[in-house]
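The sequence and the structure come first.

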Amino acid sequence: VKGGPRFIRPIRWIAALLGEEIVPFEIAGVHSGALTSGHRRLGAREIAITTADYEQRLRDHYVILSAEQRREKIRKELAGFAVKVDPALLETLVYITEYPTAISGSFDSQFLALPEEVLVTVMRHHQKYFSVEDGHGGLAPRFVAVMNIPSDPEGFVQRGNERVLRARFNDARFFWETDQKKTLAGRIPDLAHVTFQAKLGSYLEKTERMRALANDLGGDDHAVRAAELSKCDLTTELVKEFTELQGVVGGLYARVQGEPEPVWQAIYDQYKPESMEDRIPRNRTGQIVSLADKLDTLRGCFRVGMIPSGSRDPFALRRAAQGVVKILVEGKIELQL
């Protein structure tokens, strides 16, 4: 109901006990009581509980109440596989499962011809799978999924996961091959049809401003070229499908299309640092391009009055400003802002 109570999920029930007594209240038309619910598939719909037996009663119905215990269970089961460490994915899985259990699956090794970044993104972001290392630091044709049931004796879950992943990888390979039919440089005019922000124009206009800024910031020809090509991957099929790979895809395409190393690396790193814990771009060219991008966004948004207020910051201007400072400090760049 518009204007009514807001919560991240529909409220189905409320269990609220103090000692032996129910704490009586109501939210969104749901009244508190002494009933909870078990695992959606394996548990009972209604379970009577007391403060003494709450945790055990849920456990009997396949819900591990403690997030720490779920985390430890996943960690312990992952230890049997050479998975790539991914704390953020682990955290996500802890909070979307009630009875987590790790299972392994495999995929056709022919897909390893695709860049590792693409394969890992498909596994991590789209399927919430851990990727597995091959012993030499590369990818093995395996993955580890965390399901929300205790076992998979018939292998249905494993085969289902493998089938879905195969389809996603086929899509990625198709997009990769389709995109190669047009160079990044050939895509520059297409940026005129991609809006950066209604008041600030297209990505073609942003690219032109970035080129000028890269030059003003003391960047060389490589920096100007990288700025020119930096947003072209926004027009690719691969980025349209996997938006979190923007920048990375541009860098990979620039490399296979023969752009110099400083150029493709700068395109690849252009959004760094994405947080205060993240690394800055690996070379000076990339640092200049990243600065040009962030400074253009800051300058433009402030000019048209889109200034962060309270918790509202739709263009992540605070993060952009922190990124500028981090690059200047860690890159030891002396610049008058």
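A salt bridge is counted here when a side-chain nitrogen of Lys or Arg lies within 4 Å of a carboxyl oxygen of Asp or Glu. The model discussed below is predicted.

## Salt bridges

Side chains of opposite charge can pair when their charged atoms come close. By the rule above, the count comes to 22 salt bridges. One of them joins the side chains of Lys182 and Asp190, with an N to O distance of 2.7 Å. Lys182 is partly exposed, with a relative accessible area of 34%, and Asp190, at 24%, is partly exposed as well.

Glu72 and Arg75 form another salt bridge, in which the closest N and O atoms are 3.3 Å apart. These residues are three apart in helix H2 (residues 67–78), so about one helical turn separates Glu72 from Arg75. An α-helix has 3.6 residues a turn, so residues three or four places apart point the same way. Glu72 has a relative accessibility of 35% and counts as partly exposed; Arg75 is partly exposed at 41%.

## A link between H6 and H11

Asp296 and Arg209 meet through their side chains in a salt bridge of 2.6 Å, N to O. This pair connects distant parts of the chain, as Asp296 is in helix H11 and Arg209 is in helix H6, 87 residues apart. Asp296 has a relative accessible area of 2%, so it is buried, the cut-off being under 20%. Arg209, at 23% relative accessibility, counts as partly exposed. Through salt bridges that share partners, Lys206, Arg209, Lys231, Asp293 and Asp296 belong to one network.

## Helix H11

How many of the 20 residues of H11 are buried? The number is 16, so H11 is largely enclosed by the rest of the structure. The length of H11 agrees with expectation: at 1.5 Å a residue its 20 residues should span 28 Å, and its end C-alpha atoms are 28 Å apart.

At the start of H11, a side-chain oxygen of Asn283 comes within 3.2 Å of the backbone nitrogen of Thr285. Just after H11, Gly305 has a positive phi of about 85°.

## The largest pocket

Rolling a probe the size of a water molecule over the atoms shows where empty space is left. The largest pocket has a volume of about 1600 Å³. It is lined by 37 residues, of which Arg12, Trp13, Ser37, Arg40 and Glu98 are the closest to its centre. Strands E1 (14–15), E5 (30–33) and E6 (35–36) and helices H1 (54–60) and H3 (87–96) are the elements that give two or more residues to this lining.

The largest share of the lining of the largest pocket comes from E5, with four residues. By residue type, this lining divides into 19 nonpolar, ten polar and eight charged.

## The second largest pocket

The volume of the second largest pocket is about 1300 Å³. Of its 38 lining residues, those closest to the centre are Glu244, Gln246, Tyr271, Glu274 and Asp278. Elements that each supply at least two residues of this lining include H3, strand E9 (130–133), H6 (203–216) and H11 (284–303). Helix H4 gives the most to the lining of the second largest pocket, with six residues.

The lining of the second largest pocket is made up of 18 nonpolar, five polar and 15 charged residues.

Methods
Residues numbered from 1 in each chain as written. Predicted model: local features only at pLDDT ≥ 70, side-chain atom pairs only at ≥ 80, totals over all residues. Heavy atoms only, no water. 1 Å grid on protein atoms, 1.4 Å probe; cavity = no way out; pocket = protein on both sides within 12 Å on 5 of 7 lines; lining within 4 Å. Points joined across faces, edges and corners; volume = space filled by probe spheres on them. Nonpolar A, V, L, I, M, F, W, Y, C, P; charged D, E, K, R; others polar. Expected span 1.5 Å × (residues − 1). Buried < 20%, exposed > 50% of the residue type's maximum accessible area, 1.4 Å probe, protein only. Polar contact = N/O pair within 3.5 Å; in protein donor to acceptor, adjacent residues only side chain to side chain.
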